[in-house]
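These are my notebook entries on one protein chain. I set down what I looked up, entry by entry.

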Amino acid sequence: MRTNRLLSLHVLGSGTLAATLWVGCVALSVAPALAADPVLIGATISQSGPLARASKPQLTAYQLAEEITNQEGGLLGRPVKLVLYDDQSNASNGVTLYRRLIFQDKVDLLLGPFSSGVTFAVAPIIEQARIPVLAPQAADPKIWEGGRRYLFQVLPHGYSYLSGAVDLAAKHGLKKVAIVHLENAMAIASAEGVRRRAKEVGLTVVMDESYATDTSDFTAIMSKAKRLGAEVIVGGGFINDEIALTKAAKSVSYSPRLMMWQIGASDPNFRRELGEDGDYVGGNTNWETFFKTPGNDEFVKRYTAKFNEAPYYDTAASYAAFRLLVEAVRKVGLDREAIRDWLSKTKTMTVFGEYEVNEGGAQVGKKSAMFQWQKGTKVIVWPESLKTADPIFPDDFWKKK
């Protein structure tokens, strides 16, 4: 007999009825009945506010990983149960809620929140509490610059996110670059990486601007990039603003030779919403459904069946973090120092790809790639070792062929 249980309990967070505790399905027919007290795994995810859409893949990844772990028999003969709060895309709320997870809920384990900004804010609490935490949605290298003992990075560092776009531009004779980025930690780091790489390869940055989280009209920005003759435009932030940036470019008939965004363009919903206007747009990707990483085919199959959509790299990173934590506990038990030691010394391949951190917890194994949408299909255009198609540099960005 198969029994599935799904609970949805509303709890208080940051003084309002704004946080939700999710408990995933436990398929008892696949593994022995798990009747012991659950192993509690806590985190916050930005389920409301400006990061809500971008953070959804983290939530669904955690839910799938919880389900699969319980189907395998849980941890140490106990089921796992997610304790997830909504930080409302606010770093201060994240601090309050991680304190709650640690000192009130007394969770056994923690996973990182969504975004570099919230991760940076909660890092001191994690270090003080001496709880090992994998951070699957934080790429800002500044988080790890001073070294961390208990916080471990999963994504590659943010300076590398768009440097491949600069290399592509230089290789194909493009000279003028416009940088337009969101005012958040991850996008700032990504933009800095572009500046550094452009200087190294001799490209000229003709425009360098940031925009606030609540910006919705990008026509002035795109008009300026057009006026300055930028052949390459890079930056962005998350899926909503990257869609809006692309639409604004078309609205002012700005046709760069290369348009590369840092995160959101990789989401299949980006191309789905823009249609043909999404073609030739590209950006950073750390993972794809067709990568030959261990267990990737099964992960894609399970995720697509459960959520009726394909995962993308934020999903894979978050799933890999959960499963790495599971593997650590299965190797060394629930002793936090033993888990910390295992995470700090392990070099392994996950669904997401390489995992290896330096002595300060920063990711050193994982590398970024550059993709481009071509006729509705995502292809890898850089580096050469991963390339599946040549990049397209259109003469007219909005006339699709």
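Which residue in S16 is the bridge partner of Gln374? I found that Gln374 is bridged to Thr377 in S16. Helices (H or I, at least four residues) and strands (E, at least two) are DSSP runs, numbered from the N terminus.

**Entry 1: basis of the model**

I note that this is a predicted model, in which local features need pLDDT of at least 70, side-chain atom pairs count only at pLDDT 80 or more, and totals for chains, interfaces and linings use all residues. Residues are numbered from 1 along each chain as its sequence is written, and side-chain values use heavy atoms, with hydrogens and water left out.

I looked up the pLDDT, the predictor's confidence in each residue, from 0 to 100. The chain average is 90, and 91% of the residues score at least 70. Over residues 1-32 the pLDDT is below 50, and this stretch has 74 contacts in the model beyond near neighbours in sequence. Contact means heavy atoms within 4.5 Å.

**Entry 2: the sheet that holds S16**

I traced an open sheet of seven strands with mixed pairing, in the order S9-S8-S10-S11-S12-S15-S16. Two strands pair if DSSP finds at least two bridges between them. Strand S9 (204-211) and S16 stand at the edges with a single partner strand each, so one side of each has no neighbour in the sheet. On average, neighbouring strands here are turned by 25 degrees against each other, direction ignored. Axes are lines fitted to C-alpha atoms, for helices over the stretch in contact, and angles run from 0 to 180 degrees between N-to-C directions.

Strand S15 (residues 369-374) and S16 run antiparallel and are joined by five bridges. I then checked the helices against this sheet. Helix H4 (residues 163-171) lies across strand S10 (232-236), strand S11 (258-261), S15 and S16, and runs at about 170 degrees to S11. Helix H7 (residues 239-251) touches strand S8 (176-182), S9, S10, S11 and S12, with its direction at about 160 degrees to that of S11.

**Entry 3: strand S10**

Is S10 mostly covered or exposed? I found it mostly covered, with five of its five residues buried, where buried means under 20% relative accessible area, exposed over 50% and partly exposed in between (1.4 Å probe, protein chains only). Val232, Val234 and Gly236 are buried on one side, and Ile233 and Gly235 on the other.

S8 and S10 run parallel and are joined by five bridges; Ala178 stands opposite Ile233 in S10. S10 also pairs with S11 in the parallel sense, over four bridges, and there Ile233 stands opposite Met259.

**Entry 4: the five-stranded sheet**

I traced an open sheet of five strands with parallel pairing, in the order S4-S3-S5-S6-S7. Its edge strands are S4 and strand S7 (151-153), each of which pairs on one side only. Strand S3 (residues 39-45) runs parallel to S4, joined by seven bridges, and Gly42 stands opposite Val83 in S4.

Helix H2 (residues 91-104) packs on this sheet, touching S3, S4 and strand S5 (109-111), and its direction makes about 175 degrees with that of S3. Helix H3 (residues 116-129) touches S3, strand S6 (133-135) and S7, at about 140 degrees to the direction of S7.

I also looked up Gly74, in the loop between helix H1 (52-71) and strand S4 (80-86). Gly74 is buried, at 6% relative accessible area. Gly74 and Arg330 lie 256 residues apart in sequence, yet 9.6 Å apart in space, C-alpha to C-alpha.

**Entry 5: aromatic rings**

How many aromatic pairs does the count give? Rings of Phe, Tyr and Trp (its six-membered ring) pair if their centres lie within 6.5 Å; planes under 30 degrees apart count as stacked, over 60 as edge-to-face and the rest as tilted. By this rule I count 12 aromatic pairs. Among them, Tyr211 and Phe218 are edge-to-face, 4.9 Å centre to centre with 85 degrees between the planes. Tyr211 is buried at 3% relative accessible area, and Phe218 is buried at 1%.

Tyr280 and Phe397 are also an edge-to-face pair, at 5.7 Å and 85 degrees. This pair links distant parts of the chain, 117 residues apart: Tyr280 lies in the loop between helix H8 (268-274) and strand S12 (281-285), and Phe397 in the segment after strand S16 (377-382). Trp287, Phe299, Tyr303, Phe307 and Tyr319 form one aromatic cluster.
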